[in-house]
Amino acid sequence: MENFEQRQHGERAILVSVSVQLLDDVDAEEFRLLAQSAGAEILEHVSVQRQKPDPKFFIGSGKVEEIAELVRALDAELVIFDHSLSPAQERNLEKALKCRVIDRTGLILDIFALRARTHEGKLQVELAQLKHLSTRLIRGFTGNLEQQKGGIGLRGPGESQLETDRRLIRVRITQLKDKLIKVQQTRLQGRAARQKAAIPTISLVGYTNAGKSTLFNILAKSDVYAADQLFATLDPTLRRLEWDGIGTVVLADTVGFVRNLQHDLVESFKATLEETLEATLLLHVVDSSSPNMPEQIEAVESVLKEIGADAPILHVYNKIDLSGDTAKITYKAPELPDRVYLSAHSGQGLDLLSQAVQQCLMGQLQQFDLVLKPAYGKLRTQLYTLNVIQSEHYDDEGDLHLSVCIAPHKLEQLIKQAHLPLDEIVGAKSFLFHRVLEEFESKQE
């Protein structure tokens, strides 16, 4: 059988979308974007309808002949299928089409390899690629895999090249897993330190190209690479920032999800997704302008369920400048936000996101009119740091009058941290302070 050497990008490709009644329908536009993200030059896009996959070719033999004619006529180097193929199906198709064939998983892995920049990202990509390759060695990993090794110094019981390659891959997979465990341990140490300091983690998740990295850059005042393409960023990024009304938080940006993401890929990238598992709050960023929005939301929720993420979720409907929606917050309970509509590109609704995150982490926001004595400047400084003071003025006696909008729980926390006597905070008009004051007085008695 022929060997077909792979080029990194720029290959002349024919795309094959297969709509199988027993499987999930494909998204033709997303498939094209995936191929373009890998650098393919798309020559033709073939659509195929099937009741069920063919065991030999996945598609019917008639379609195989039709695609083979296109390969010859267009001088195509590669045929890409938008479904997972078995190793046998890949081999049969390559033999019939006389060119390289890859499936959806192989395509996504190729994009991951292009996008990975950090040490951890490269380790995860290599692990996923080797797992995928280990079932496809017969295709030509290192030449003629059926021949026996021989020659001076190599004579003996004999081991086929195929068996050698499989053994070497198993060794390398073990090494990669060990290295990723060390990365995981480093992450655990950092996470334990944050938890000890009671610093909440807010993790951005969502379908690829939903605008997570753009939103991350705005919130964290960062410069993470963001572009209008699938899997623009692969590696996880963490930034510590001061969030209005909450204080110090850690913001995490993660790899985007796609539909029909294979279980092995999810497993390989669990180290990246651990920030999602341990998050205090998940911001599920949704492309509100996408015609496939419901399917994309379902795909993300499916992966979150698979990895066991159970943190509270706030849905962030991004790109309202394209969808025509208005900036707003919707609630699933009187004090629990469910959706925020905004545009990270234009800045519409970003103030509403801050309000909704405060409510999710701290509870319903309330208006407080506080009167602080001159010695209570530390509390004023903390309130200014959180950017929750709406107005202030001093009276004739030198006392400071503050109007603040903050969650009662957070205000109570600040007063306790400042070691101030609760009964001397004049003008606090809230059931919380009446309750806390009653508890304080009962303890004094």
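1. Which residue in S4 is the bridge partner of leucine 78? The partner is arginine 100. Leucine 78 belongs to strand S3 (residues 78-81), which runs parallel to S4 and is joined to it by three bridges. Two strands count as paired if DSSP finds at least two bridges between them. Helices (H or I, at least four residues) and strands (E, at least two) are DSSP runs, numbered from the N terminus.

2. A note on the source: this is a predicted model, in which local features need pLDDT of at least 70 and side-chain atom pairs count only at pLDDT 80 or more, while totals for chains, interfaces and linings use all residues. Residues are numbered from 1 along each chain as its sequence is written, and side-chain values use heavy atoms, with hydrogens and water left out.

3. S3 and S4 are part of an open sheet of four strands, in the order S2-S1-S3-S4, with parallel pairing. At the edges stand strand S2 (41-50) and strand S4 (100-102); each has a single partner strand, so one side of each is left without a neighbour in the sheet. From one strand to the next, the twist averages 20°. Axes here are lines fitted to C-alpha atoms, for helices over the stretch in contact, and angles run from 0 to 180 degrees between N-to-C directions.

4. Helix H2 packs on this sheet and touches strand S1 (12-20), S2 and S3. Contact means heavy atoms within 4.5 Å. The direction of H2 makes about 170° with that of S2.

5. Two packed helices are described by the angle between their axes and the distance between the axes. For helix H2 (residues 61-74) and helix H3 (residues 87-97), the angle is about 55° and the axes are 9 Å apart. H2 and H3 are therefore oblique to each other (under 35 degrees is roughly parallel, over 145 roughly antiparallel, 65 to 115 roughly perpendicular and the rest oblique). On the H2 side the contact is made by Val64, Ile67, Ala68 and Val71, and on the H3 side by Leu93, Ala96 and Leu97. By class, this contact has seven nonpolar, no polar and no charged residues. Ala, Val, Leu, Ile, Met, Phe, Trp, Tyr, Cys and Pro count as nonpolar, Asp, Glu, Lys and Arg as charged, and the others, Gly among them, as polar.

6. A second open sheet has seven strands in the order S6-S7-S5-S8-S9-S11-S10, with mixed pairing. Strand S6 (237-243) and strand S10 (328-333) are at the edges with a single partner strand each, so one side of each is left without a neighbour in the sheet. Here the twist averages 25° from one strand to the next. S6 runs antiparallel to strand S7 (residues 247-253), and seven bridges join them. Glutamate 242 stands opposite threonine 248 in S7.

7. The structure holds one aromatic pair. The rings of tyrosine 317 and tyrosine 341 have centres 4.9 Å apart and planes at 25°, so the pair is stacked. Rings of Phe, Tyr and Trp (its six-membered ring) pair if their centres lie within 6.5 Å; planes under 30 degrees apart count as stacked, over 60 as edge-to-face and the rest as tilted. Tyrosine 317 is in strand S9 (residues 313-318) and tyrosine 341 in strand S11 (residues 336-341), 24 residues apart.
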